[in-house]
Amino acid sequence: GLGTEAEEAAKWNAETVADAPNKAQVDHLVLVSASRGEAIQAEQAAGAVGAPMTAVSKHQLPATYTVNVGSAAATQKKVHQWRNGTDRSFRVRKEKTALGGPRTPLLTAVNNKINAESVRLGLGVTAFTAPNSSNVLITMGSAAEASAGKAAAAQYPVWRHGKRIVVKGGLKWEKTAVGLDK
């Protein structure tokens, strides 16, 4: 049979493929919340991204609203504007898929560790999170070039640093200490 490493890789990739249709369902959505966790109103969420009230709905996270901005390009633009703007009273971020949300803490830790080691060792490698927040990819070019298909990228075996746990509502990936000490 398959060894543990190959089995984990196969499970990870099967989850990723199964989650792919969910990306189309969330591509046009942003989450708007108050930056310090205080309560906000739907009108404030709509105003933060310049959307009509009909595009706003309550999110399952506390003090957070989902806003339909119409397209993946508009989502990217709204998040980019927020990151580069000066107004920090609200937080604007892309909605994650059912798999992307639980994987994000693990992916972020792996991503940050690889980039820090690359800088420390002068490797010239850039790690970045795949668009659907399901994998970490590594490239010798920039993340933007690799995302645009102008530079080669390879999948990093993130599953080596996580432990799959089943929770109510599905699977979750928990960070393990393997090479991820902060």
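Asp 27 counts as partly exposed, at 26% relative accessibility. The cut-offs are simple: buried is under 20% relative accessible area, exposed is over 50%, and partly exposed is in between, with a 1.4 Å probe and protein chains only. This is a predicted model, in which local features need pLDDT of at least 70 and side-chain atom pairs count only at pLDDT 80 or more, while totals for chains, interfaces and linings use all residues. Residues are numbered from 1 along each chain as its sequence is written, and side-chain values use heavy atoms, with hydrogens and water left out.

Stay with Asp 27 for a moment. Its side chain meets that of Lys 23 in a salt bridge, at 2.7 Å from N to O. A salt bridge here is a side-chain nitrogen of Lys or Arg within 4 Å of a carboxyl oxygen of Asp or Glu. Lys 23 is partly exposed, also at 26% relative accessibility. A search of the whole structure finds 5 salt bridges.

Another salt bridge joins Arg 160 and Glu 5, whose closest N and O atoms are 2.9 Å apart. This pair links distant parts of the chain. Glu 5 lies in helix 1, Arg 160 in the loop between strand 7 and strand 8, and they are 155 residues apart. Helices (H or I, at least four residues) and strands (E, at least two) are DSSP runs, numbered from the N terminus. Arg 160 has a relative accessible area of 46% and is partly exposed. Glu 5 is partly exposed too, at 36%.

Now look at helix 4, residues 100-121. Glu 117 and Arg 120 form a salt bridge there, at 2.8 Å from N to O. They are 3 residues apart in this helix, so about one helical turn separates them. Glu 117 is partly exposed, at 24%. Arg 120 is exposed, at 60%.

Next come the rings. A pair of aromatic rings is described by the distance of the centres and the angle of the planes. The structure holds 1 aromatic pair. Trp 12 and Trp 159 form it, at 6.1 Å centre to centre with 50° between the planes, which makes it tilted. Rings of Phe, Tyr and Trp (its six-membered ring) pair if their centres lie within 6.5 Å; planes under 30 degrees apart count as stacked, over 60 as edge-to-face and the rest as tilted. Why does this pair tie together parts 147 residues apart in sequence? Trp 12 lies in helix 1 (residues 4-26), while Trp 159 lies in the loop between strand 7 (153-155) and strand 8 (162-167). Both Trp 12 and Trp 159 are buried.

Two other rings have a charge over the face. Arg 88 lies over Trp 82, at 4.5 Å from the ring centre. Lys 58 lies over Tyr 65, at 5.1 Å from the ring centre. The test asks for NZ of Lys or CZ of Arg within 6 Å of the ring centre and within 35 degrees of the ring normal.

Finally, find strand 1, residues 29-34. Of its 6 residues, 6 are buried, so the strand is largely enclosed by the rest of the structure. In a regular strand the side chains alternate between the two faces of the sheet. Both faces of strand 1 are covered. Leu 29, Leu 31 and Ser 33 are buried on one side, and Val 30, Val 32 and Ala 34 on the other.

Which strands pair with strand 1? Strand 3 (residues 64-68) pairs with it in the antiparallel sense over 5 bridges. Strand 4 (residues 90-94) also pairs with strand 1 in the antiparallel sense, over 5 bridges. Two strands pair if DSSP finds at least two bridges between them. Leu 31 has Thr 66 of strand 3 as bridge partner. Val 30 has Lys 94 of strand 4.
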